[in-house]
Number of protein chains: 2
Amino acid sequence: MRVDHIGIAVEDLEAAKKLYGEVLGLRLVFEEEVPTEKVKVAAYDGGGMRIELLMSTSPDGPIGRHVASRGPGIHHVCYAVDDVQASVDRLAGAGVRMIDAAPRPGAGGCRVAFVHPKGAMGVLVELSQHPPGGLHHA
Amino acid sequence: MRVDHIGIAVEDLEAAKKLYGEVLGLRLVFEEEVPTEKVKVAAYDGGGMRIELLMSTSPDGPIGRHVASRGPGIHHVCYAVDDVQASVDRLAGAGVRMIDAAPRPGAGGCRVAFVHPKGAMGVLVELSQHPPGGLHHA
């Protein structure tokens, strides 16, 4: 179990790309739009893990709602796991409150499940199992 | 520039250690108290970077104030840099609002400086230069 990426909710993706790419000097690894999550993503190499900048394409998407209620900022921490169903079963068995009782398709061909922030002390935690052969956008 | 650690503000360090160590199954790498920051830290291996659980030892410490206003959750992202003074100069030169105009001593023998969340789109960013020979608590 290792950190796969940190998701950061931003209001202006172009301004955020300037900060992370030009000012902080991180390397852009991919950009994509994920219509099911109503989000545009710009992912940067944070050294063995990614910083994913997330801009909502709609006020009613999960990132749009987060920005409206909490403002821009760190949205979630994603851990890469070998078997997401096994991880979900283990956490649910330990009494941890989950958002997803069963894994669902995520970006890049991953299978993902979210732990409820109330189950992880205020942190939205994503569990992600990469597809065989690696991320489709990588 | 790579992510060194994520700092997570917690209210109950023992309960948080149970979640990260026993339920999520991460490996504890060090524990320490940092009196200057009024914080107890438990650091876990997130795969080349650390998850640092931070519990305030005083309501008027930075973590205590954060928890009082925002609740527990992700507090900051720290990047390891080779020369923290050079990074501060570069960011300040690019017009990024800093908390620390000059580096100051951090935990483990590091020299650190914080970027203001208003300078980094709602994210509290720490820059950290490790001491020669590695972290003192590592």
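Colleague: What is the strand order of the open sheet in chain B?

Modeller: The open sheet has 8 strands in the order β2-β3-β4-β1-β5-β8-β7-β6 (chain B), with mixed pairing. Strands are DSSP runs of E with at least two residues, helices are runs of H or I with at least four, and both are numbered from the N terminus. This is a predicted model, in which local features need pLDDT of at least 70 and side-chain atom pairs count only at pLDDT 80 or more, while totals for chains, interfaces and linings use all residues. Residues are numbered from 1 along each chain as its sequence is written, chains are lettered from A and ligands numbered from 1 in the order in which they are written, and side-chain values use heavy atoms, with hydrogens and water left out.

Colleague: Why are β2 and β6 of chain B called edge strands?

Modeller: β2 (27-34) and β6 (104-105) of chain B are edge strands because each pairs on one side only.

Colleague: What is found on the side of β7(B) towards β8(B)?

Modeller: β7(B) also pairs with β8 (residues 125-129) of chain B, in the antiparallel sense over 5 bridges. B:Phe114 has B:Glu126 as its bridge partner in β8(B).

Colleague: Why is β7(B) described as mostly covered?

Modeller: Of its 5 residues, 4 are buried. Buried means under 20% relative accessible area, exposed over 50%, and partly exposed in between, with a 1.4 Å probe and protein chains only.

Colleague: Why does B:Gln85 count as partly exposed?

Modeller: The relative accessibility of B:Gln85 is 28%, and therefore this residue counts as partly exposed. B:Gln85 lies in helix α3 (residues 84-93) of chain B. Leaving aside residues up to four places away in sequence, B:Gln85 touches B:Ala101, B:Pro103 and B:Gln129, where contact means heavy atoms within 4.5 Å.

Colleague: How do you know that the side chain of B:Ser56 makes polar contacts?

Modeller: A polar contact is a pair of N or O atoms within 3.5 Å; within protein, one must be able to donate a hydrogen and the other to accept it, and residues adjacent in sequence count only if both atoms are side-chain atoms. The side chain of B:Ser56 reaches the backbone oxygen of B:Lys38 at 3.4 Å and that of B:Ser58 at 2.5 Å. B:Ser56 belongs to strand β4 (residues 50-56) of chain B.

Colleague: What makes A:Asp12 a cap of α1(A)?

Modeller: A side-chain oxygen of A:Asp12 lies 3.1 Å from the backbone nitrogen of A:Glu14, at the N-terminal end of α1(A). Just after α1(A), A:Gly25 has a positive phi of about 85°. The buried residues of this helix (residues 13-23) include A:Leu13, A:Leu19 and A:Val23. The elements covering the buried residues of α1(A) include β5 and α3 of chain B.

Colleague: How much area do chain B and chain A bury between them?

Modeller: They bury about 2900 Å², 71% of it on carbon and sulfur atoms. Buried area is the accessible area (1.4 Å probe) that two parts lose on being put together, summed over both. B:Leu24, B:Ile74 and B:Met121 supply 22% of the area that chain B buries against chain A, more than any other three residues.

Colleague: How many salt bridges and polar contacts are counted between chain B and chain A?

Modeller: The salt-bridge count is 0, the criterion being a side-chain nitrogen of Lys or Arg within 4 Å of a carboxyl oxygen of Asp or Glu. There are 5 residue pairs in polar contact, both residues at pLDDT 80 or more. On the side of chain B that touches chain A, α1(B) gives the most, with 6 residues.

Conventions:
Pairing = 2+ DSSP bridges.
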